[in-house]
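Please walk through this model with the sequence at hand.

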Amino acid sequence: MEMAAGGRARRRFMERLSLSGLGGLGMGAMSALGATPVQAATGSEVRQWDGETDLLVMGSGAAGMAAAIEGARQGLEVTVLEKFQLAGGSSSLSGGVCYMGGGTPLQKALGFDDSVENMYHYLVAAAGVHAEPARIQLYCEGSLAHFDWLNELGVRYATRFSSDKELSHGADSLYYSGGEQTWPFREQAKPAPRGHVPPAHNQTGGRELMKLMHAAAARLGVKVQLRMSAEQLIRASDGRVIGLVVEDAAGQRLNLRARRGVVLAAGGFIHNRPMLQRYAPELASSQPAWGRAGDLGMGILMGLGAGGNLLRMDHGFAVLPLYPSEEVLKGVVVNRFGQRFINEDAYYGGMGHAWLFQQQGHGFLVVDGDSDYPGPDYRFTLAAEAASIEALETALKLPPGALVNTVGYYNQHAARGEDPQFRKQTKYLATLTKPPFKAYDLTVGKAFCTVHTFGGLEIDLDGRVLDGWGSAIPGLYAAGRTSASLPVAPYLASGLSIGDGTFFGRRAGAHAAGKGA
Amino acid sequence: MKKTLLVALCGLGALWNQLAQADETVLAGDAERGRQLFGACRTCHYPESYVGNHNGPSLHAIFGREAGTREGFEYYSAALKNAQFVWTPALLDAWMANPEEFLPGNEMVFVPPRTAQERADLIEYLKGFGEP
């Protein structure tokens, strides 16, 4: 009896395994996604409304929840639609860092002097030609109030600063999360640590942040509906967005009416391959794609179909995390010609961008016996190891003399604590003299360089989606990575995406309520 | 189908384990390709013992472990906590291929690997971390 039952169970199990070769249900649904606009339905097609509220929010990550919370605080009835079985979006997988400054209570408590002007100057310098000064100014001027807003939601920070370039230990809450202390930015704005993160081990602060945001939203009466996938906007004949077509867990299509507006906060498009290859080919070339499974570009494509304009679609973060350990930053990063191209202590978003976009994702990290990683590391594989730089150069098939020249020049100045080419901080300068010399392979695809998208719908300072003429589409908002906002490439600092999504998400919710944030 | 599997997982746990251990994934995996693919999983999972739990439980020495029992991980779904099976390569393959059918009610939100070969590569990579 037992054997027979076992045999049946085993057969079913094997059937399941062979079925699985055809691909999971989730992939089937996903492969239907393309890179073309999703046409809005017209109000006259709607035979009946299956539900009605003031504000409909697509996506339950930080941006969507900020819009929902602010809308509810200002009197709106709000429903949030989440495609998956668990709320929180990519924000819940993130480190939960929020980029804030201008003299926050945490900065002050830890003895750091910061001002709105310093913060503004850093962000403008780091955003370079892509800076939107009015947006950055509003964000910096509102930063202290945003700190209070998060505090009211229950977000608490430990009064502990870390000088590490990446927060991985969990007990600390404030750090330099961008390139503030690195050249050239340290000469353009007075450095201050602005990465604020709830204490959480192994960079799981995003989970803590989203837990608190969802609890706050629940207290305000916001409804969060899981396994509800927004598929189409609904527009009235005058062009106003009046609702969403939504698919529930059973595959039923529902027409939901939004009296005050719809907020598209469904993340970016790092997991939509056709869209990524069409709009952001450099990002498409790197691995791994980081983001939760909902980063499918659906919000962007729906906004595009309603006439929304797209901005900076090829922008994103390309994070090449050489550190931790920070010891390796004493080494040199060279391109395929054996030349340095950036200060190795650059923020890892700046490093990744320079490597992926300007060096076409080729290069090596060269270290010596003193600056090597403590052991084998999952991020990078060894390209070559040798007893001398000359032998390493030969093994890497670099142009003769190129690496020898690079390391010779570097060593000559590092011995005096100088880096005339790229102005690396003194603490990361050391001569590379102790064998064995190693070169880690920085070849795109092989090297661990996480990518995520920043391009999306153009929005005004109140989160309203703009069309190609610069006019707001009535009733339509976007926030977070569905919109093109503060984060640009190269990425400016960890925490700016969460900061932007919550800050401008709030403004969208407030605008829909007919009031200011 | 779903109901049958649920019964099998909940009621016939021990038997299921015996069966599953006999099954091996069909394809040979490539650990280096697995390393590259596994990068996407690192928003939540780390197989290195020195990292431990993250957004998801540690995957150190995953094969041979009872599912839903990683020390210190407080975020298991009820479905996984009550599943009572031991992880094998074949079961991990089935989970990644079709998570909803494999264990209804699980809370792992992820982009499934695209092919059976990719799943085999991931499994081969994970075998390198403390397999007994």
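This is a predicted model. Begin with chain B. It has seven helices and zero strands. Chain B has 132 residues, and 45% of them count as buried. Now look at its contacts between residues at least 6 apart in sequence. Of these, 62% join residues at least 24 apart.

Move to chain A and find two of its helices. H3(A) spans residues 62–73, and H16(A) spans residues 496–512. The two pack at an angle of about 35 degrees. Their axes lie 7 Å apart. The crossing of H3(A) and H16(A) is right-handed.

Which residues in H3(A) and H16(A) meet? From H3(A) come A:Ala62, A:Ala63, A:Gly64, A:Ala66, A:Ala67, A:Ala68, A:Ile69, A:Glu70 and A:Gly71. From H16(A) come A:Ile498, A:Gly501, A:Thr502, A:Gly505, A:Arg506, A:Ala508, A:Gly509, A:Ala510 and A:Ala512.

Last, find H12(A), residues 298–305 of chain A. This helix is mostly covered, with seven of its eight residues buried. The buried residues are A:Met298, A:Gly299, A:Ile300, A:Leu301, A:Met302, A:Gly303 and A:Leu304. A residue is called buried if 20 or more other C-beta atoms lie within 10 Å of its own. Just after H12(A) comes A:Gly307, which takes a positive phi of about 100 degrees.

Notes. Residues numbered from 1 in each chain as written. Chains lettered and ligands numbered in written order. Predicted model: local features only at pLDDT ≥ 70, side-chain atom pairs only at ≥ 80, totals over all residues. Axes fitted to C-alpha atoms, helices over the stretch in contact; angles between N-to-C directions. Helix = DSSP H or I, 4+ residues; strand = E, 2+ residues; numbered from the N terminus. Left-handed = near helix turned anticlockwise from the far one by under 90°. Contact = placed C-beta atoms within 7 Å. Buried ≥ 20, exposed ≤ 12 C-beta atoms within 10 Å, placed from the backbone.
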